[in-house]
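User: I am new to this structure. Please pick a single part and take a close look at it. What surrounds it, and what does it touch?

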Amino acid sequence: MAIHPIAVYGEPVLHRRAEKITEFDDDLAELVADMHETLIASNGVGLAAPQIGIGKAIFVINADDDYGERHRATFVNPLLIASKVPDTRPDPDEESEGCLSVPGLDFPLKRADRVTVNGVDEAGRPVTLSAQGWFARILQHEYDHLQGTLYVDRLDKRWSKKWKKAQAAHGYDQPGRSWMPGVDPDPFGH
């Protein structure tokens with residue numbers, strides 16, 4: 001197993017749709033193991049393959065749901081079904097998100113309250129997970145990565161303006177930037 005660097009906003013692989021997995025082999029099992037190890041080292045709750053520079057339709061999670069139950073799971077070629085996203089403005093105290101690929105920043109974003117994700121794991125076995133609240137937010141966030149969308153791409157007009165200023169200040173618009181979990185300082189101070 002190996003820890004991979006996390007690609008930062010601006011890296012092209014983060015901004016295109018991930019390719020479906022067609023071969024379930026030892027290479028895939030090794031990639032998934034590396035993703036889980038990288039996720040733990042990053043102190044994150046979810047990680048998508050594009051975030052480590054691999055444009056494949058895989059994400060992993062390791063997080064507590066809203067009831068305190070821990071979920072460590074792998075989703076390959078997932079499909080997400082979500083409830084309607086409310087039309088109200090996001091609450092900065094309750095609905096902020098961060099991203100390992102947008103290090104050190106967080107912004108409010110409205111998300112669907114309930115989701116179900118269907119897919120398979122690294123061995124091709126069916127996996128289904130339904131979630132609500134914060135845990136549903138995590139699943140939507142990781143699924144978006146597989147669509148080539150980062151959470152900052154979904155911000156409303158007010159927060160998008162703040163993101164653009166922060167993006168320019170941090171240089172999060174150039175390809176080739178990354179950070180190494182366990183080596184570089186944790187951008188979220190965990």
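Analyst: **Strand S3 and its surroundings**

Strand S2, residues 46–48, pairs with S3 through 3 bridges, and the sense is antiparallel. This is a predicted model. Across that pairing, Ala 48 faces Phe 59 of S3.

S3 also pairs with strand S4, residues 70–82. These two run antiparallel as well, joined by 7 bridges. Here Ala 63 stands opposite His 71 of S4. S3 and S4 make a hairpin, with 5 residues between them. In the turn, Gly 68 has a positive phi of about 85°.

How many residues of S3 are buried? The count is 6 of 7, so the strand is largely enclosed by the rest of the structure.

Next, the nonpolar cores. The largest one has 34 residues. Ile 58 is among those with the most contacts inside it, along with Val 102, Phe 107, Val 152 and Trp 163. S3 (58–64) supplies at least two residues of this core. So do strand S1 (6–7), helix H1 (26–42), strand S6 (102–108) and helix H3 (157–170). H1 gives the most, with 5 residues.

Look at Ile 58 itself. Beyond residues up to four places away in sequence, Ile 58 touches Leu 28, Leu 31, Val 32 and Met 35, among others. Its contacts also include Ala 48, Phe 75 and Leu 146.

There is a second, separate core of 20 residues. In soluble globular proteins, nonpolar side chains tend to be buried together.

Notes. Residues are numbered from 1 along each chain as its sequence is written. This is a predicted model: local features need pLDDT of at least 70, side-chain atom pairs count only at pLDDT 80 or more; totals for chains, interfaces and linings use all residues. Side-chain values use heavy atoms; hydrogens and water are left out. A nonpolar core is a set of buried Ala, Val, Leu, Ile, Met, Phe, Trp, Tyr and Cys residues joined through side-chain atoms within 4.5 Å. Buried means under 20% relative accessible area, exposed over 50%, partly exposed in between (1.4 Å probe, protein chains only). Helices (H or I, at least four residues) and strands (E, at least two) are DSSP runs, numbered from the N terminus. Contact means heavy atoms within 4.5 Å. Two strands pair if DSSP finds at least two bridges between them.
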